[in-house]
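Me: Please take a close look at the aromatic rings in this model. I would like one connected account of how they are arranged.

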Amino acid sequence: MAGNLLKQRRINALSEAFAILVITAILIVVNLIVVRHDFQKDLTSNKRFTLADQTHQLLKNLNEPIMGYSFFRETDEDYATVKDLLKQYRTASRKFEFRFVDLDREPMLAKKYDVTSYQTIVLEQNNRFRKVVEPTEHALTNTLVRLTRGDVQKNIYFTRGNGELDPDSVENNGLGFLKMSLNDVNYNTQSLNLLTVKKVPDDCDVLAVVGPLTDPTTEVKEMILQYVNDGGRLFIALEPGSGNSFRELLENFSINASNNIVIDPNGFKNIFQPIVEIFPPHVITDNFDFGLVFRVASTISTSSRQIPGWISSNLCMTGSETWIETNLDAIEKKEIVFDPELHQKSSVAIAAAAQSIPSSDEPDAEIGRVVAIGDADFTGNIFFQTFAAHEPFIMNVFHWLSDEKDLIAIPPKAHFSQPLLLQDTQLLVGFVVPIVIIPLIIALFGTVRIIVRRRKS
Amino acid sequence: MKAYWSIVRRDLKGYFLSPVVYAMATVFLLLTGLLFFSNLIVYTEISFSISENPYISQSLNLTSDFLQPLIAQFAVILLFFIPAITMRTFSEEKRSGTLELLLTYPVTNHQAILGKFTASLLTMGSILLLTIIYPAILFLWSSPELAPILSIYLGLLGMISLFTAIGVFASSMTENQIIAVLIAFGLNLVFWMIGWTSPVNNGLLHDTLQYLSIIDHFEPMIKGIIKLSDITYFITTTIFFLFLTGQVLNSSKWRG
């Protein structure tokens, strides 16, 4: 009898253990299936945990596997951010894999990729590798593009000789940060004085004229015109009050560049800092949903007098409250007043793009492109660094000019700034309600309820 | 179903007619209220100090810089509180000898377990719901993102669901409520800390331990990301512990 009881208990114990194993196995399998086919929804307003469509497209089109080596320790500040980002890339494509590497435990791997310190990411494909300059989606995706495309390098020449901004300068009004951003995505940048050459170099993919203070010689102007008409690519940023000769040059490409100043009553810090939030359709500004801030800008727009063989379009426009001041003396004397007889409020363009149309005689002719912006400070170091949307905008300009349509300038996630500047009374509410009132209500409610129940019983 | 609902009602009545739950709710809200206010002071000070720099203040966000760390602190409090709520679910019945009566026909083990689990979950959920006053206060002064707040509370619901299931399981193992609290608290800590214990940075062991960690699934939800795998994790682990509870009750029958 006792033996039978013991036997029965053993059978019961075994069957329970088996049931636990089976249920555990089922639940594990369910989790594995879901992880393999995971789906996520980003509920934040600016979708800050979602990869850009361009990144998704790039990852979807990967032909060969990519391995990411992340030299980050768990104690590093960006570890969690990098892990989240790399996980998103892995979720987006099965051809993307990553792992974290401890420099101290795997020194040979670190040596192979020339990594000497933590907080570095290396991407490898088919024995070619590249380091990622910073742990952001923008940098990671652009590195992926460079890695998958091979080592094609394009050349950007910044003109000097007419007082242009200096690409080697990291002062406030230099172009050092723009140059660094271009170098980071493998553009080769050089300075060029057109007075010292007979023509624009053959290997010039983009000629950049940024903030000239004086007019070029006739020969230089002709050189640039010839270069663009032969299929060259020109980027030109002009400060109001200077570069009149360059403004005339732009007329050849159906772009009107007036010598005036855009006045924006709703400007960033003052009326001379117009904010641009309207982007007419163009490849450069696809998915662009951010404001740009200019500092003393003039209008640059598609010309009413279109040149045969050239088509232009506005790139960005101000709000409808802006108006144009043509009296630059009034600005000097700070006598800026809206006069309905002289001025008209409307949305105006501060940048324009133009492209040549091959004629029927020469359908295979090289296509020339021009982008002009009515403010050189816009590309300068201080504005480049201060406003997160400026860099992707300018980079997209250069990518379009150099036909690098795969190179993606991921627009930054829109900032959702929410500081709380609470006064004493508001802080008092923040103290009294959660710490005094709510707990007191619960305590009183409970006390009353129990007293009432006890009286009833 | 009728038996299930009668158990739910019975246990809810037991909770809400007991001074213990009100005392615990008061202490919980006091603690969370203190955390809310102290975080508010810090956030306000940071807001004032960086308000002169438009570039840095662009990145100050109520959801990621205020609510997310606040809710993470709430979660630590819940580690301790939920075992205290659930300790009496089966322990009390065992101690008073009413468990056998409860488990006789027409109430099945599953109905009893689910009924008690539901009552505990509803009790803790009600207390947690009162914390909605904190984001509500923020709406007086600013515009926090609403959708991530819903995601935060969904994450909290998942967490309390798992902790409640663990608490019910722990309670089923003993008639001593203190031991039940200790077992539940210990298991909660295991799930909290298991992701930190991997000896390596990569590989199957690391990934498995990370996946088992409740933090790995709770963090995305309090950021505003809802993942199918996180919801699945909370549901399956809750089911697992409720199933284990059933096995414990079954075994106590044939062990005598």
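Reply: A charge is said to sit over a ring if NZ of Lys or CZ of Arg is within 6 Å of the ring centre and within 35 degrees of the ring normal. By that rule, the charged end of Lys345(A) sits over the ring of Phe338(A), 4.9 Å from its centre. In chain B, the charged end of Arg88(B) sits over the ring of Tyr15(B), at 5.4 Å from the ring centre.

The model is predicted: local features need pLDDT of at least 70, side-chain atom pairs count only at pLDDT 80 or more, and totals for chains, interfaces and linings use all residues. Residues are numbered from 1 along each chain as its sequence is written, chains are lettered from A and ligands numbered from 1 in the order in which they are written, and side-chain values use heavy atoms, with hydrogens and water left out.

Next, the ring pairs. Over all chains there are 26 aromatic pairs (rings of Phe, Tyr and Trp, the last by its six-membered ring, with centres within 6.5 Å; planes under 30 degrees apart are stacked, over 60 edge-to-face, the rest tilted). Phe294(A) and Phe378(A) are stacked, because their ring centres are 4.4 Å apart and their planes at 15°. Phe294(A) is buried, with a relative accessible area of 0%, and Phe378(A) is buried, also with 0% (buried means under 20% relative accessible area, exposed over 50%, partly exposed in between; 1.4 Å probe, protein chains only).

Tyr211(B) and Tyr233(B) make an edge-to-face pair, 6.0 Å centre to centre with 90° between the planes. Both Tyr211(B) and Tyr233(B) are buried. One aromatic cluster is formed by Phe36(B), Tyr43(B), Phe66(B), Phe74(B) and Tyr134(B).
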